[in-house]
Structures are given as structure tokens and as C-alpha cells.
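This briefing is meant for a reader who is meeting the structure for the first time.

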Amino acid sequence: MKLTEWTVKQTVRRVPQSHQTGTKGIRFIQGHFEDIGWGAVENTSHDFGIDLYLLVRDEQLWDLSLIVTAQCKSGSSFFSEEDSEGRGWTYRESDKAHLEDWLQQPMPHLIVLHNTASNVSYWEHVTTERVQDTGAGWKIVVPRDQTVDRTCLGRLLDIATTGVRGSHGYEGSSWVTGERPVATADDWRCSLIAPRTLAPHVNVSANFRIHAVQAVALATQARYRRLDEFASACDEVPTWKEAIDHEEWEWRLFGRYVRYRLEGKLDGLVELTEEAPSSTKACIATTIGACAFFESRMHEKAIDLLVAGEDRGNLEPLDDAWIKIHRGRFLFELGDIEGAANLTAFTGHVLRRLGGIVARALLAASAGNLWIMSDLGNRDLGELITSGDTVSSWWRTQPLVTALDDYFDRSFRAWSGYSGLTLYTEDTVATGILHFTQLAEYAGHHSGALRGCSMLARYNFLSPIANTGSPEILADSLDELRRCGDVKATEWVAHRFYEGGPLSPLVEQFEAYSPSWWTRSSCQSNLKIFEVAGDLVDDKTRTQALDFLLDGLQDRHGHFLRVASDRVHWPHYLMAAIRSTVAGGPSEVHGNLVSRILPWVELRGVSPRYQEDIGRLVRCLDWSVVSEGDRARWISAAVSCGRQSPLFRSTAASFCANGDVAALAAVKEALDAGDVGALVVTINNDLDLPPDAARSLSDMLALRIEDEIVAARAGSFGLGGVEFAPLLAWINLRFPSAARWGTVVKFLLEERVSVMQKANVCKQICANFDQLPAEVAQEIEVGFASVSAGSRLEAILGGHPDDAVFRVLGALLNNSRDSLLVPEVLRLGSSRDQNQKRSALRLIRQASLINPYCEGIAIGLTGDAEISVRIEAAKTVSFLACEGGSEIVDLRTVDAMHADGVAAPLAALHGFLESTGGPHARFHDELALLVRHPSSLVRREAQSAIEFMNSSSLD
């Protein structure tokens, strides 16, 4: 048959409406996803329940390299069954095959229903929690409030990022990296956050050319010796000094980065951000520069650099979040807690949508920062744990573990006494801690960075390798502890330097004082330094610091209250810092302080929680320079607190010492009312006690002491408060008609009463032994009958016969002072226990034991390993020098006066003033030197000693 003979029969078919509706619905759904910025690719080749592949983009249309799949359904039939709660519509299928595929695939899957009448598409994320088994099939509710438009973009992005299943694939990686001719943007980010992925392994040969990004990674790991090896082995690899002005920006970044880390120089860091060839590299330079400026107390410049980085534009979401993390933690340090928390929460929201090792590391930092920025009731522990459980966090701990292992190895070797030669080519402990610190710092993990800095500073004090005795290293390490907010370590180091020297690190702290000192982390550490060593402050810094501290105390809306944590009771620490700072200041400072703080005392002094602190401040002030009006207001405020209050007692004691008429009248009125606190004021200031008041107080004290004895026998020991037995002993000695000696003796010989309470009774008796009635002395002597052997005395003291005053009293009772006390001095002074050594030295002074044996003990203990013993020895040798000691005693006294620190010179001066004759003229030159000592307390005591010496010579 010819072709022309063919006849064509036309077949006409009708297409089902459902097919038309489904195809049209897919295109509408595609358009809706494209309207929110997502790419929508239709699957026309394979039918396994996926109609669209959705390419995820964020609000700024950055492609997140994530895919979400979707099955699309359209038509009115899919909206015919509403769920029972009215939340949306129920979608059903009888076949579970597609469902199992969707739940097992690594990509999130959506069910999308399109309403052709309203041209609105609704979606739901298919998860095991949302799907319900119907027996024959399954169903899921598609909510009416989940539409494919920009109102739901945030929820869709959360699903796209958090719904991805699978690991990052870093387990089992060796990272034995070699030459990398090309560095990606992620490589540059990893150079600061995950340098292990770039830096050549420690066992890899250095005979190849490393890329600049690998050099930066090695610097982040603090492997500077390794960098020198690569520069020596390959001419194309510059040293960090050669790289500072290199023609390639990448090498310039490396050179200036290392220069800052090693020398602290900030030159050229800002220019790197302006010259960067890409937005990611600009972000790297911005991060390095901002951290450097903030660490150098240039806080505003650091934040300005970060803001400029954000404003530069074209930043990828990852880099923008990275910069915002740092800006958030810096704002937190400067007291903008709300702004910091909001910024950090925003970065967490962005980073959850991003994948990769850098994003996960930054998310962990963001979660950690948000934890410390949030109120206790608003913290999410689950988020902190899950976000922080990352491979980069594990990598960060590895150098720290290695460093601690090396440190314990060295410590154990030193303990063993091994004398073999061991060579250390580098300080691996410091390298490991610095590696850990820099990883935390550049990732923006605030608490991790602070902890790392603190550990490195502590190590500098402990390690003979790091600590060469250089004052610069000691000062820098103390500054790091303070800046990082390591309150305990700062206090310990400050005490050590203050007492035993060197003083220069503390003096340098105060010389560098400025408002930039005060950050969220350093606030309490700063106050501790003032509390411990405030008398080292110069007059200019003292004025500035007191203004700042008083502003914080008076609840003004200043910088202190912005940076101070609301979880700390700041008035206590502020008062302690003010007390120490003002104590050694000139008279006008005392008067000005009272004028400024008086309104606060009138307002807050009635509260018991403030009275102890205010009372301590009262005792440090020179009230003779305070105006009569201010003194009257202060007494009125103290009386309003009650005569039993610590504030009243402190005020009365200080004012009576200056002869204040109103204070004396208030004390007399309190004595008439039987106030024990007023009796303490009377004793301390040697005031007259009316006989009637003496009798009533004696009766009351005797009852209180009987109660203490009963409590002691029952195993109860009071701590703090007024000690009644020494007060009763004082009344007994001065008012025989009101004496109640039986109670005092009973208290003194009771074995269950605490040692120190007995010691204070003995001190009162020893100081006035010539007034002790003979029958009372005999009764006490019977109780101390075995004092030479120590058996009875040890029983009385509860097994701790180490306080000098008991030996003095025993010797006085036996009328054989030297024969009993000198052996005790030798026994206690040769002990290994520092408390017994100090007891021996106190015994020498209290009993005025001037003989070669006691001198030898005092001279020997001036070189003791314990600073507390050396301080007591300094006080003792200066005392002996004034009481006719030998020439060697004079030499040791001069050594104590010249000793570094404050404690030994101050103790020597106190020894002079405690002696009967005062300092001899032969110490005039040394006293003149102490008048120029860094400590205002030492200067003041030295001036008092000179005046004492001059007045004695005139007499």
C-alpha cells in the first residue's frame, strides 16, 4: 500500500480535571516558593512522592546549600476534612511506601496543599511526631496558619536547617595536610576556628611551601617554632617579620597577626580590614583586629571596627553572624546586657540554618554567650548542651589536655628528684593553653576565652620556664587575671605581692587605672585589688577611683552599675575597696568622703546588712578633720540604728577617741542602760566607767559567761560577737567591789571552752597582773600547777598549747618567768608548725625576753619560708632592737624595713611602736626612707615612729 493511500484516524481524548488541577497547582506552588526567594525545581523524571526540590535561601537570598523536598496536592477535595480541633485540614494516604522514604531521607520533606479558589498554599513538615497511623494508611494535619509566603519564611528556614539528618563527617580525619595552592573562604574561617583542618601535622616535614592560610592556622595554634622551621626550609615562605609589609594581603595578615600575638603591637590591623580582597577575608581581619583592640582596653575602637565590618555590606550570613557574636560579647562586657543578648540570640537563629564546622562552632559560642547573658530563670540548658557538643569544641579541648598532661609530667619529675638531663625546646604547656585560648577567643566563646587567659596567667606565676622573675611578666599576668575576672586568683596574687613583694605589679595596675578598667568580667577583681592594696594608690588615682566607687555605692546610673552584675551584693565589695583606698589618704580625702557618703549612710545605715561594712569604714577615718555638722549627723544616724548596732559601736569608739562630746554622752547613756557594746568602747578608749554601771554590768556579764560555759560543755562554740569573759576580767581588775573572779577562773579552767576566748582573758590579766588579787592568782596557779610539763595546761587548752599568752601567765603565776618561758620559746620556735613559730615570737614580745636564745630564734625566723612567720619575726626583731638587742638584731631589723612588700616594713614599724622606748636614733635613716614608701600606711607609721623617736629624745 502506498503512503498516499494511508488514512489517518484522529483520536480525541478527554484529559481528567484532576490532572489539569494537579499540574496547575504545582506551578502555583512553585511560584509561591519563588516569591519567598527559594528555588523550586519540578521532578518530572521519577515518581517516588517528590514533586518539587526546593533550593533554600535566607532572607537576604544567600544560598544555604540546603534542599527541602515537597509533595504537592491541589484542589478543593483536599480541604474537605477539617481536623477535630479546627487547626487545619487532614491529609490522608493509604500507601505507606512514600511515607517511609520521606522519613528516612536526609532532607526534610513537606506536604503542600494548594487551594485553587483562594490561590493560597499550605504546608506541614512530615515527621514521625506529626504523622498518625490509621491502620490501613496514615494521616497528617496541615495547619491553616502555615502558608507558603514570607510570614512563614522563618519557620521554613528552621525546618530546612534543623531537619537535616546525618553527620558532618569529621570523625576519623587525620589532617596530615600538605601544600594547599588554593585556599577557600571556609579555609580562612577555619584558620581561626578550626586550624587543625589546615595546619600541617607536627610530624610532617617542613620542606614544602605552606600557604598563608596555613601560616595563620599555625599561629592560631601558637606553633611559632614550627613557623620558623617552614620559613627556614622554604625561601617562598616569609618569616612573620618579613610578612608584615608583604605585597600579598594574605601574608600581611599573617605577619601583623603574629606581631600582635608576640609583641602586642596593633599597627596595621585596621588597614587590613580596608584592603581585604574579599568579604570573608575582611571578616577575618575584623575579628583579629577587634579582639586585639578590646584586649588592649580600646573598647570603643573594637566595637567601631565591628560595626564598620557589618556596614561594609556583601557579607555572607556566616560572616555577618561571626562579627555580631563578637559585638554582642563586647557589649556584654561594657554593660549593655539587653543589646548583647538580643544580638547573640539573633546570631543563634541565623547559625542554626547554616551547616559546616564553622557554623557549628559559632553556634556553640553563641549558645554559651547567651547562657551567661540571660537571667537564671530564662536559661536553656538543653540548648547549651546540644549546641556546644560539636567536633570543634572537642578539638579545642585537646591542646588543653595535652598541656595539663605535660605540666603534671614536669611536676611529677620534680617531685621524684630525678637528676637526669631533660631538654625542653619549647614550653608545650604555655603553647597548649594559648592554643585553647585563641580558639575560644576567635570563635567568640566568651567564658572559654576568659578561662583560657586565666589559666595562662596562673601558669606564668607557677612555671619556672614562663616566669623568669621579670616584673613585666608578673605585671602582665596579674593584669590578665584581673581583666578575665578570676576573682580568687587575683586576690591571692595581690595578697602575695602586697605582703611579700614585689610591689611593682600592683603599683603598675594603679598607674594604668582608667574607666576602661571596669568591665562586666573585671568589676569584682578590680574591687579586690583596691581592697587588698588600696594604700598603694597615688593621690590622683585615689581621687578618681573614690569618685567612681562612690557613684556605684550611691545607686547612680553610671558606668559601674551598667557593668556590675545584679547577682552580687556590691555595697559590701565597694565599701571594702573604699575603706582600703581612703585609709592611707591625706586628711582632706577623709573629710570629703564623709560628706559624700553621709546621705547614703542615713538612707541605708539602718539596714543590718550594711552596718558591719559601714562600721569598718568608720574605724579607718580621721574624724578630727570632719566638720562638726557632719559628725552630728553621723552620730544621729548611728543612734537611730540602736545602741546594740555595729554602726553605733564603731561610731562611738571612733568619736570618743577624738573627744567628741556628743559621742561621750551617748556612750554614758548606753552604759547606764547596761549596754555591753558601750563597755567595749569605754575599755578601748580608756574612758571613765561609773561604779554603779560597773556593778550592773558585772552581774550581767557573769550570767552570760555561765551560759557560755554550759553551752561549751554541751559542745556548742560561739563564733564572733562580743566576748564577755575579758570584759568581766577588766571590770574585776578596776572595780574590786564589783568583782566576780570566781566566774572568770571557772571560765579559764574549763577544758571545753575555746582556746582563743581563754587567751583574751589571759591577755587582760597579764596586762594588769600587779592588780590581780593574791587569792585569785593562787586559785589560777593551782589550775596551772603542771604548766612546766604542759599536761594540765594542754587539757585546759583542748590539746593546743601554742598561744604565748598562756605561757606568760603561767610564768607570772610561778614568779619564774625566764626559767619557764625560754624553754617554751625554744620548743615552739623550732617547731615545723607555723602557728607555733608565730606563738614563740609573740611570747618573746609579750614577756620581753631579752636574751641570746630568744634573739637567736627571732633572727632565724626572719628567713622562714612562710611569709606569716617572717612578718611576725620582723615585728619581734624590731621590738628587741628597741629593748637593747644585739647588733645582729639591728641588722635584721634594717633588713625587715628594707624588705619588699608592705607586711615586713609595717610589722617592723609596729614592733618599734609596741616597745617601751620606741625606735632608737640609729634607725633614723631607714625611717626616713620608709616615709617615701609606696604604701601610704607604711609612710604614715614611719612618720609616727619618727615623731615618737623625736619626742623620746626630747624627754
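In this predicted model, Asp476 is a residue of helix α19. Asp476 counts as exposed because its relative accessible area is 51%, and the cut-off for that class is over 50%.

**The negative patch and helix α21**

- On the surface, Asp476 gathers with Glu472, Glu508, Glu511 and Asp538 in a patch of negative charge.
- Two elements, α19 and α21, each give two or more residues to this negative patch.

**A buried loop residue, Ile36**

- Ile36 is found in the loop that lies between helix α1 (17-35) and strand β1 (39-42).
- Although it is a loop residue, Ile36 counts as buried because its relative accessible area is 0%, where the class requires a value under 20%.
- Once the neighbours within four places in sequence are left aside, the residues in contact with Ile36 are Asp149, Arg150, Leu153 and Leu156.
- One of these contacts, Arg150, is 114 residues away from Ile36 along the chain, yet the C-alpha atoms of the two are separated by 5.7 Å.

**A buried charge, Arg838**

- Arg838 has its place in helix α40, which covers residues 834-846.
- This arginine, Arg838, is buried and yet has no salt bridge, and the nearest side chain of opposite charge, that of Glu872, is 4.9 Å away.
- When residues up to four places away in sequence are not counted, Arg838 touches Ser868, Val869 and Glu872.

**The chain as a whole**

- The chain contains 46 helices and 8 strands.
- Of its 955 residues, 53% count as buried.
- Among the contacts between residues at least 6 apart in sequence, 65% join residues that are at least 24 apart.
- The accessible surface of the chain comes to about 43,200 Å², and carbon and sulfur atoms account for 51% of that surface.

Technical notes: Residues are numbered from 1 along each chain as its sequence is written. This is a predicted model: local features need pLDDT of at least 70, side-chain atom pairs count only at pLDDT 80 or more; totals for chains, interfaces and linings use all residues. Side-chain values use heavy atoms; hydrogens and water are left out. Patches are made of residues with over 30% relative accessible area and no salt bridge: like charges are joined within 9 Å, nonpolar side chains (Val, Leu, Ile, Met, Phe, Trp, Tyr) within 5 Å. Accessible areas come from the Shrake-Rupley method with a 1.4 Å probe; for residues, only the protein chains shown count as cover. A salt bridge is a side-chain nitrogen of Lys or Arg within 4 Å of a carboxyl oxygen of Asp or Glu. Lys and Arg count as positive and Asp and Glu as negative; His and the chain ends are not counted. The place of a charge is taken as NZ of Lys, CZ of Arg, CG of Asp or CD of Glu. Helices (H or I, at least four residues) and strands (E, at least two) are DSSP runs, numbered from the N terminus. Buried means under 20% relative accessible area, exposed over 50%, partly exposed in between (1.4 Å probe, protein chains only). Contact means heavy atoms within 4.5 Å.
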